[in-house]
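Hi there,

Here is the structure I promised to pass on. My notes on its aromatic side chains follow below it.

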Amino acid sequence: GVHGTLSGSITTYGGNTMGTALGGVALLGYRAERQLVYLSANANYSNLGGQVQVSNAFAHFRHNYVLAPWIAWEAFAQIESDRFRRLRWRSLLGTGPRFTVFDAETVALFYGASYMFEHTKLAESVEDRPVRPSDVHRMNNYAALLIVLEPGRAVIGNTIYFQPRFDDFRDVRLLDVLSLDVTITGKLSASLQATLRYESPVPEP
């Protein structure tokens with residue numbers, strides 16, 4: 001069926017440092033028989049002491065169709081912006097297979113390989129010295145590992161993406177996302193996430 005979560009936060013600061021921090025996260029998903037569809041989005045902004053500290057937004061849509069127990073076909077779209085990565089706008093579309101390497105009761109591993117078209121607009125400060133064309137074609141490889149530390153209470157997941165450009169394998173993007181979700185009580189849970197990014201080349205400062 002349909003499931004979703006929505007959360008937001010507003011924090012204001014007074015005293016030596018004046019400012020405001022805003023944040024929001026939304027997740028909407030639908031699952032039925034062979035299909036899984038979901039939309040994930042988040043946005044963050046903070047202005048402290050008269051200076052912008054954080055300004056980013058992200059949205060990802062994905063549709064999976066299970067062809068067999070060991071393979072599914074994926075299609076996805078994504079948009080993002082991040083002031084401090086000097087990224088005014090990046091949008092992408094992709095499609096390809098996802099393979100179930102193994103799926104046990106407490107451990108699961110998946111691998112996906114897909115074609116991805118990417119369109120990027122850099123911030124005005126570096127727009128005049130791009131390191132790649134605004135439109136590129138990439139190979140999207142990812143491995144996703146899920147480990148149930150304690151059934152119903154603690155789950156750890158790690159997904160790593162490796163995305164080289166088809167016409168220049170020196171142009172590569174690497175992303176690793178590690179997450180830990182813990183259920184404390186029936187109505188209280190905690191979630192931690194760490195993200196590592198690497199991209200080469202990037203515009204000079």
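First, a term for what follows: a residue is buried under 20% relative accessible area, exposed over 50%, and partly exposed in between (1.4 Å probe, protein chains only). The model is predicted, so to speak of local features takes a pLDDT of at least 70 and side-chain atom pairs count only at pLDDT 80 or more, while totals for chains, interfaces and linings use all residues. Residues are numbered from 1 along each chain as its sequence is written, and side-chain values use heavy atoms, without hydrogens and water.

Searching the whole structure gives three aromatic pairs. Rings of Phe, Tyr and Trp (its six-membered ring) pair if their centres lie within 6.5 Å; planes under 30 degrees apart are stacked, over 60 edge-to-face, and the rest tilted. Tyr-115 and Phe-166 are stacked, because their planes stand at 25 degrees, with the centres 6.4 Å apart. Tyr-115 is in strand β7 (residues 107-122) and Phe-166 in the loop between β9 (154-165) and β10 (168-185), so this pair ties together parts 51 residues apart in sequence. Strands here are DSSP runs (E, at least two residues), numbered from the N terminus. Phe-166 is partly exposed too, at 43%.

Tyr-142 and Tyr-161 make a tilted pair, since their planes are at 40 degrees, and their centres are 5.6 Å apart. Tyr-142 belongs to strand β8 (residues 135-150) and Tyr-161 to strand β9, 19 residues apart. Tyr-142 is buried, with 7% relative accessible area.

Happy browsing!

Note on methods. Helix = DSSP H or I, 4+ residues; strand = E, 2+ residues; numbered from the N terminus.
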